[in-house]
Amino acid sequence: MRRISATALFAAAVLAGGVAMAQGMGGSPAPYRPGPHNITLPSDWETRFIRFATVDKAERKIIRHLYVNPEAFAAARPGQPLPDGTLIIMADTRARLGADGTPLRDHSGRLIPEPGWIALGVQEKRPGWGEGYPPEKRNGTWEYARFLGDGRRNDASVEACFTCHIQTRAGQDFAFDFWDYVQKRQ
Ligand code: HEC
């Protein structure tokens, strides 16, 4: 009698566990819905991410610093789509200007960044993302988001991010400098 009730108890516990899992207890995430809200700016990106390129934009008087998460930096291979979980950050600073208003250059001929970010643009790819965008907009499994220089979300439209990246870079997994960097690195 004792043995039977122990077995019954065990079966009930397994059943309860199964029901709890099916109901999504234990914090399963909400279903995917396309949009910039999917991207979270990692709080430690400035210290943890790898800066793989810096682009001087003299005509716009800005410097564009390009960072990627170290996991994607290590896993990316030439000719392959970029790894799932790739998160690329385009972080702009103002260029230091001379008295005449034109950008100053350092000893290597590069622009000189002023302290502080003025804007952040982010692209991130994850399995299952991109579902729900029309084919003329969808960039594979990438999402795009904008943040202000201080890391708060910038709710301005990300429509142009999709339309420009899809036109020019569909064959290079919708990325620019990181794709190019991976093809050429030694
Ligand atoms: C008119 C075309 C165009 C638009 C619009 C555009 N991009 Fe880009 N994006 C580029 C180019 C070109 C680069 C390469 C870096 C450079 O030269 O500035 C780039 C680079 C990037 C990068 C760095 C990744 C890499 O591998 O180079 C990120 C991140 C990025 N863009 C995100 C965005 C986001 C977010 C938006 C929308 C807010 C956006 N882009 C809108 C053309 C565009």
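**Notebook: the ligand and its pocket**

I began at phenylalanine 178, where a polar backbone atom is 2.8 Å from an oxygen atom of the ligand. I note here that the model is a predicted one.

I then looked up the other backbone contacts of the ligand. Aspartate 177 has a polar backbone atom 2.7 Å from an oxygen atom of the ligand. For phenylalanine 176, I found a backbone N or O atom at 3.1 Å from a ligand oxygen.

Next entry: the iron. Which protein atom is the donor of the iron atom of the ligand? I found NE2 of His165, at 2.1 Å, and this is the only protein donor. I looked up the place of histidine 165 and found that this residue is in helix α4.

Next entry: the shell. I counted 19 residues around the ligand. Cys161, Cys164, His165, Asp177 and Phe178 are the closest of them. I sorted the shell by class and got 12 nonpolar, 3 polar and 4 charged residues. Which element gives the most to this shell? I found α4, with 4 residues. At least two residues each come from β2, β3, β4, β5, α4 and α5.

I checked where the ligand sits, and the place is the largest pocket. I noted a space of about 660 Å³ for this pocket. Its lining has 28 residues, and those closest to the centre are Arg64, Met90, Gly121, Gln123 and His165. I listed the elements that give two or more residues to the lining: the strands β1 (50-57), β2 (62-68), β3 (87-94), β4 (119-125) and β5 (142-148), and the helices α4 (159-169) and α5 (177-184). β4 has the largest share, with 5 residues. By class, I recorded 18 nonpolar, 4 polar and 6 charged residues in the lining.

Definitions and conventions:
Residues are numbered from 1 along each chain as its sequence is written. This is a predicted model: local features need pLDDT of at least 70, side-chain atom pairs count only at pLDDT 80 or more; totals for chains, interfaces and linings use all residues. Side-chain values use heavy atoms; hydrogens and water are left out. On a 1 Å grid over the protein atoms alone, a cavity is a set of points where a 1.4 Å probe fits but cannot get out, and a pocket is an open set with protein on both sides within 12 Å along at least five of seven lines; lining residues have an atom within 4 Å of a point. Grid points are joined across faces, edges and corners, and a volume is the space filled by probe spheres set on the points. Ala, Val, Leu, Ile, Met, Phe, Trp, Tyr, Cys and Pro count as nonpolar, Asp, Glu, Lys and Arg as charged, and the others, Gly among them, as polar. A residue is near a molecule or strand if one of its heavy atoms lies within 4 Å of it. A polar contact is a pair of N or O atoms within 3.5 Å; within protein, one must be able to donate a hydrogen and the other to accept it, and residues adjacent in sequence count only if both atoms are side-chain atoms. A molecule sits in a cavity or pocket if more than half of its atoms lie within 2 Å of its grid points. Donors are N, O and S atoms within 2.8 Å of the metal (3.2 Å for Na, K and Ca); water is not among the atoms, so sites may look incomplete.
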